[in-house]
Amino acid sequence: DAIVRECERLSRLVDNVLDFSAIERGVKKYTLRAEDLGEIIVRSAEACRSAADAASLKLAVSLPDELPVVWVDREAIGQVMTNLLSNAIKYGSDGKLVEVVCRVTVDGAEVSVTDHGIGIGPDDQAKIFEHFYRVQSSEVRRRRGTGIGLTIVRYIVEAHGGTIAVQSAIGEGSTFTVTLP
C-alpha cells in the first residue's frame, strides 16, 4: 500500500510539473466536452481514498441527485479535484473528516473540499495560489510540497470559465470552493 501511495504521489507530482511547464509557456490547451461532474468527483475521491485511510481520515462525498452537464476537460478537472483532495488529506487532522460537497447553482455547479486541519491564516490566503508559495508555518513545512498545486488548480479552473475561493481559519481547517459554468 505504501509503495502504491508513493507511486501515485510521484505520478501526481510529475503531472503537476509538466502541466505547470506548459502553463508557463502558454501552450496548455483543454478539450471541453459535456461531462458528468459527479463521476469525475467520485473517481478522484476513490483515487485518494488509500491516502486518506493511511492518514486516518474519513473521506465523504455528497452529490445532488441530478447535476447539470458541465463542459470541461475531464482530465484537467480530475487533476483539480485530486490536487484539492491531496491537500485536504495532507493538511487535515487525524481521525477527522475530509468532505467533498457538490451543489447545483443557477449557472452550473459548485464543488467544495473541506478539511478540519491546520488551516490557513488570512495573510497567506491571498498568496496560496501564487507560484511556489508555501505557508511559512512549521506545521506546513513538515509536509512535502512544491507550491505549484494550487497555482495549477487556479489556472485550470479559470481556463474553464470558473472561479476558486478559499475560506479558512487557523486550527479549524479550510474549504476550497470551485465553481464551474
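**Close-up views of a predicted model**

The protein exposes about 9600 Å², of which carbon and sulfur atoms supply 52% (Shrake-Rupley method, 1.4 Å probe; for residues, only the protein chains shown count as cover). This is a predicted model, in which local features need pLDDT of at least 70 and side-chain atom pairs count only at pLDDT 80 or more, while totals for chains, interfaces and linings use all residues. Residues are numbered from 1 along each chain as its sequence is written, and side-chain values use heavy atoms, with hydrogens and water left out.

**View 1. Overall arrangement of the protein.** Six helices and seven strands are present (DSSP runs numbered from the N terminus: helices are H or I, at least four residues; strands are E, at least two). From the N terminus on, the order is α-β-α-β-β-α-β-β-α-α-α-β-β. Of the 181 residues, 45% are buried (under 20% relative accessible area, 1.4 Å probe, protein chains only). Among contacts (heavy atoms within 4.5 Å) with a separation of 6 or more, 70% join residues 24 or more positions apart.

View 2. Strand β5 spans residues 109-115 and contains T114. T114 counts as buried because its relative accessibility is 15%. Not counting residues up to four places away in sequence, T114 touches L97, V98, E99, S174 and T175. The side chains of T114 and T175 make a polar contact at 2.9 Å (a pair of N or O atoms within 3.5 Å; within protein, one must be able to donate a hydrogen and the other to accept it, and residues adjacent in sequence count only if both atoms are side-chain atoms).

**View 3. Helix α6 and the residue G161.** Helix α6 covers residues 149-159, and its buried residues are G149, L150, T151, I152, V153, I156 and V157. G161 follows α6 and has a positive phi, near 80 degrees.

Key
Buried means under 20% relative accessible area, exposed over 50%, partly exposed in between (1.4 Å probe, protein chains only).
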